[in-house]
Amino acid sequence: MAEYKQHQRLFDRFDENRDGKISAEELQQCVHLIGKDMSYEEAKAAVEFNDSDNDGLLDFEDFVRLIEGGSVEEKAHELKEAFRMYEMEGCGCITPESLNRMLARLGETRTIDECKGMICRYDIDGDGLLNFNEFEIMMRC
């Protein structure tokens, strides 16, 4: 259920015009916002490959299929890439400040104290930071 909610929140972020579908343009823009490069052609191909009703758009189920697709190795690589985007400071950990900056890039406004609270929930070693193992646990919850 938690994973469903995460997918729904991400889908809602990508669905900029709130029509319940994600276009190639929306996909490209959101991928760019999280620091990745995706050409319009790549976005269009991803939409076409996962579009179950051939309307040229991704509905929620199509989107889930897109983000859950891939091998175990691809998923592990994507998780490491996501961690790198959040950690930003090159220290190998996600700080409250780096979490705050990434959330702002994604359109979510949080205070540093709120970010500290978010980190605290998964901070197993109590250092106030998220290392990769703690990040992986958080992403699986």
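1. Phe-60 is buried, at a relative accessible area of 11%; buried here is under 20% relative accessible area, exposed is over 50%, and partly exposed falls in between (1.4 Å probe, protein chains only). Before going on, the ground rules: this is a predicted model, so local features need pLDDT of at least 70, side-chain atom pairs count only at pLDDT 80 or more, and totals for chains, interfaces and linings use all residues. Residues are numbered from 1 along each chain as its sequence is written, and side-chain values use heavy atoms, with hydrogens and water left out.

2. On confidence: pLDDT is the predictor's confidence in each residue, from 0 to 100. The chain has a mean pLDDT of 86, with 94% of its residues at 70 or more. Helix 5 (residues 72–87) has the lowest confidence, a mean of 79, and helix 7 (residues 112–120) the highest, at 95. Helices (H or I, at least four residues) and strands (E, at least two) are DSSP runs, numbered from the N terminus.

3. Back to the rings. Searching the whole structure gives seven aromatic pairs. In one of them, the ring centres of Tyr-4 and Phe-60 are 5.3 Å apart and the planes sit at 75°, so this is an edge-to-face pair. Tyr-4 belongs to helix 1 (residues 2–14) and Phe-60 to helix 4, so the pair ties together parts 56 residues apart in sequence. The cut-offs: rings of Phe, Tyr and Trp (its six-membered ring) pair if their centres lie within 6.5 Å, and planes under 30 degrees apart are stacked, over 60 edge-to-face and the rest tilted. Tyr-4 is partly exposed, at 45%. Ring pairs also join Tyr-4, Phe-11, Phe-14, Phe-60 and Phe-63 into a cluster.

4. Now the packing. The largest nonpolar core has 14 residues, and Phe-11, Phe-14, Ile-22, Leu-27, Val-47 and Phe-63 touch the most other members. Helices 1, 2, 3 and 4 each supply at least two residues of this core, and helix 2 gives the largest share, four residues. A nonpolar core is a set of buried Ala, Val, Leu, Ile, Met, Phe, Trp, Tyr and Cys residues joined through side-chain atoms within 4.5 Å. There is also a second, separate core of 13 residues, including Leu-79, Tyr-86, Leu-99 and Leu-103.

5. Not counting residues up to four places away in sequence, Leu-27 touches Phe-14, Ile-22, Met-38, Ala-43, Ala-46, Val-47 and Leu-66; contact means heavy atoms within 4.5 Å.

6. Gln-28 lies in helix 2 and counts as partly exposed at 24% relative accessibility. Leaving aside neighbours within four places in sequence, Gln-28 is in contact with Met-38, Ser-39, Tyr-40 and Ala-43. The Gln-28 side chain reaches the backbone oxygen of Met-38 at 3.1 Å. By contrast, the C-alpha atoms of Gln-28 and Glu-3, 25 residues apart along the chain, are separated by 23 Å.

7. Asp-62 sits in helix 4 (residues 60–68) and counts as buried, at 0% relative accessibility. The Asp-62 side chain makes a polar contact with the side chain of Ser-52 (2.8 Å). A polar contact is a pair of N or O atoms within 3.5 Å; within protein, one must be able to donate a hydrogen and the other to accept it, and residues adjacent in sequence count only if both atoms are side-chain atoms. Apart from neighbours within four places in sequence, Asp-62 is in contact with Asn-50, Asp-51, Ser-52 and Leu-57.

8. Arg-18 has a positive phi of about 60° although it is not a glycine; Arg-18 is in the loop between helix 1 and helix 2 (24–33) and is exposed, at 57%. Asn-54, also not a glycine, has a positive phi of about 55°. Asn-54 is in the loop between helix 3 (40–50) and helix 4 and is exposed, at 69%.
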